[in-house]
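Student: Can we walk through this one together? I'd like to start with charged side chains.

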Amino acid sequence: MAAQPILQAIDVHKAYAAHVALNGVSLDIPEGSIFGLLGPNGAGKTSLIRIITQITGADSGEIRVRGEKLQPKHISEIGYLPEERGLYKKMKVGEQLLYLARLKGLSRTDATQRIKNWLERLDIRAWAEKNVEDLSKGMQQKVQFVATVLHEPSIIILDEPFSGFDPINANLIKDEILKLRDNGATIIFSTHRMESVEELCDSIALINRSRKVLDGSVRDIKDTFKTQTYVVEGKGRPMILHPDFEVLEHRERENGHFYDIIKLHAGTTSNDLLRYLIGNVEVHAFRELIPSINDIFIRRVRETMPESLVEEVTI
Amino acid sequence: MDKIILIFQREYLTRVRKKSFIIMSLIGPLLTVALFAVPVLIATLSDSDKVVAVADAGGMFADKLPDDKGDIHFTRVAADLPTAKTEFQKSKYDALLYVPKLDLANPTGIQVFSRKGLGMSLERDIKRAVDNAVETKRLSQAGIERSVLDNMKANVDLQTVSLSEDGERSSSTGVSTGVAYMCGFLIYMFIFIYGIQIMRGVMEEKTNRIVEVVISSVKPFQLMMGKVLGIAAVGFTQLALWVLLSVGISSAMAGSFSPDKMVQSRVERVNAATGTSTAQAKEKKEEGNKIVQALQQADLNVPLIVGCFLFYFLGGYLFYGALFGAIGSAVDSETDTQQFMLPVTMPLVLTFVVSQAVLTTNPNGTVAFWMSMIPFTSPIAMMMRLPFGGVPMWQLGLSMLFLVLGFVAAIWVAARIYRVGILMYGKKVTYGELSKWMFYKG
């Protein structure tokens with residue numbers, strides 16, 4: 001991550017009358033990546049996004065776009081699909097997209113051409129003359145997505161992107177998002193359903209109770225939080241006691257088959273375990289038990305917070 | 001600025017293209033014209049001329065039949081009652097008045113015959129005609145000429161003149177009151193109709209949840225201003241259409257219903273029935289022209305009134321529009337608007353209600369002065385004072401200045417409430433909360 005991050009948050013604070021929404025949050029979002037802004041409801045994700053989209057301002061701290069302080073001119077570089085989304089019900093799809101694109105600063109001719117392209121791309125050309133209220137919810141979601149990316153923003157922020165989408169549209173949108181990323185756009189997902197974006201994200205930040213609790217690339221984080229635990233499936237009788245390994249879970253299956261979860265003690269490698277297993281049993285499957293982001297999040301929160309609060313943050 | 005224009009365009013075009021707008025634009029002037037035309041039509045249709053046949057057995061009207069009164073004409077038939085009755089049956093006369101030989105001290109036995117029963121007014125008029133005749137007879141018995149008595153009756157015309165620095169201008173209180181009410185009512189109505197449209201528009205964006213997308217592209221202030229101005233333009237368009245169509249329709253109507261023509265045709269009908277001269281017709285024609293003359297004599301300062309009307313129309317609308325926008329942003333549903341609507345609409349309704357008691361009866365009094373200074377009431381109050389004349393220029397200027405300042409303040413307050421309110425869902429907002437919003441940081 002030596003390259004200049006496309007978006008940086010530096011020690012951002014934001015407080016509302018009753019509560020603190022962001023408490024010294026700093027982030028680096030690398031260009032051309034898919035970034036996950038993760039955390040439970042009310043953690044401060046939407047507040048941070050509203051600061052980035054210049055809907056509200058931070059009390060202190062700074063947002064930088066390519067090293068430059070966030071300014072009104074950056075509005076056209078950002079595409080935002082809010083969690084609560086809607087359209088003007090009485091407006092035609094084409095007119096509506098044109099209006100929203102022009103609000104982002106696109107000229108009429110550019111906007112018209114791009115709307116045409118996008119409607120063709122998503123196979124919804126015939127809807128341009130329809131009123132939004134005549135469309136189904138899934139159709140409206142497509143239109144909203146088009147509105148978000150129409151002005152070709154270099155930063156696309158999607159708040160709870162898949163919450164309202166049906167599975168077919170969710171996949172379609174996923175594919176489009178990947179295409180946009182491949183074309184150089186940076187995508188920011190914000191969600192409390194971590195498992196829904198885990199596979200897509202290159203790097204993430206975990207936010208809880210207005211503070212960032214963890215960030216980095218997904219690979220690094222998972223490496224850090226590896227528990228040296230492996231799943232072994234096979235036939236025979238695995239060891240019961242060994243100084244280097246510990247069996248966390250042992251399940252007997254029919255015909256002498258077994259399913260074990262084994263944790264390595266410090267200084268032992270997976271190959272040591274494998275060697276030992278090969279000598280004693282017939283191995284059918286051997287894989288590392290990688291913690292999910294959700295597990296990591298809960299673990300991390302446990303470490304940093306009193307036990308009594310953990311209940312509230314698990315999702 | 002371009003973004004305000006874009007928002008302005010959308011707000012304007014989506015509303016102007018609505019069917020309801022087109023229908024209202026067409027129906028409005030029709031209603032206005034109907035408001036004036038229907039009474040006239042009804043009057044001409046129902047008050048068709050009545051002809052009363054007089055069977056004068058007692059010679060009460062030997063010298064002269066009673067003068068025509070309004071729509072009633074008298075004509076002589078056979079003095080003998082049975083003959084008169086048969087004649088009446090065959091004729092188209094509306095009533096038959098039979099006057100027997102009378103004892104002037106105690107006139108009894110006077111009868112009126114009619115086919116369908118007399119109207120109240122016809123009966124009253126016939127009675128009055130006979131009363132008159134009896135009075136005249138009694139007067140002449142006492143040695144007094146009717147004309148002498150008539151000459152003694154006083155009927156003074158008051159010419160009202162307003163004395164101002166510009167010199168004297170004759171004024172007509174009636175016309176001034178009419179113009180004052182019309183201006184006041186138009187402003188009142190438009191502020192309400194279009195102010196509430198702003199509120200609905202803001203609420204629509206909020207409940208549709210489109211607002212977050214829009215304000216990630218534009219500032220909340222731009223969105224609000226675009227909306228307020230766009231809807232103002234819709235209001236102006238509607239007003240202009242109403243004026244144009246009203247003028248068009250009424251001039252078309254005037255072609256067939258002008259007072260001249262109406263009088264003319266009535267006179268012809270009467271002449272056909274009674275054969276009287278057209279002398280009285282001329283009088284009527286003059287009567288019909290009286291209103292026109294009054295308007296001309298009133299010598300209203302039309303350019304000033306029209307100019308001020310446009311200023312207060314726009315100013316009042318913008319002032320209230322900003323407040324209505326703020327209300328729309330603070331609530332989630334129409335039912336929650338009530339508690340905030342009241343303090344905003346109260347001064348507006350109040351001005352209109354007290355207008356008769358205070359403004360038009362004492363247009364230059366203390367209450368009228370203060371009401372025309374405070375921006376909440378000035379758009380209506382000042383417009384109700386102006387047609388009476390006598391508003392000093394410094395007062396007008398001060399009132400306009402206050403309205404402009406009031407508008408700036410209203411926009412400032414509204415923008416702050418709006419900015420926070422449009423993103424606030426599912427929360428019952430209180431006044432205390434609203435006042436806090438004003439001091440949130442951007």
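**Salt bridges and domains**

Tutor: Lys90(A) is exposed, with 57% relative accessible area. Exposed means over 50%, buried under 20%, and partly exposed in between (1.4 Å probe, protein chains only). This is a predicted model: local features need pLDDT of at least 70, side-chain atom pairs count only at pLDDT 80 or more, and totals for chains, interfaces and linings use all residues. Residues are numbered from 1 along each chain as its sequence is written, chains are lettered from A and ligands numbered from 1 in written order, and side-chain values use heavy atoms, leaving out hydrogens and water.

Student: Which side chain meets Lys90(A) in a salt bridge?

Tutor: Glu133(A), at 3.7 Å from N to O. A salt bridge here is a side-chain nitrogen of Lys or Arg within 4 Å of a carboxyl oxygen of Asp or Glu. Glu133(A) lies in the loop between α3 and α4 of chain A and Lys90(A) in the loop between β6 and α2, so the pair ties together parts 43 residues apart in sequence. Helices (H or I, at least four residues) and strands (E, at least two) are DSSP runs, numbered from the N terminus.

Student: And Glu133(A), what is its relative accessible area?

Tutor: 39%, so partly exposed.

Student: Over to chain B. Are Glu205(B) and Lys227(B) buried or exposed?

Tutor: Both are buried. They form a salt bridge, with the closest N and O atoms 3.4 Å apart. Arg10(B), Glu11(B) and Arg15(B) join them in a network of salt bridges.

Student: How many salt bridges over all chains?

Tutor: 23.

Student: What about domains in chain A?

Tutor: Domain 1 is 7-223 and domain 2 is 227-288. Such bounds come from an automatic or database assignment. Their C-alpha centres lie 44 Å apart.
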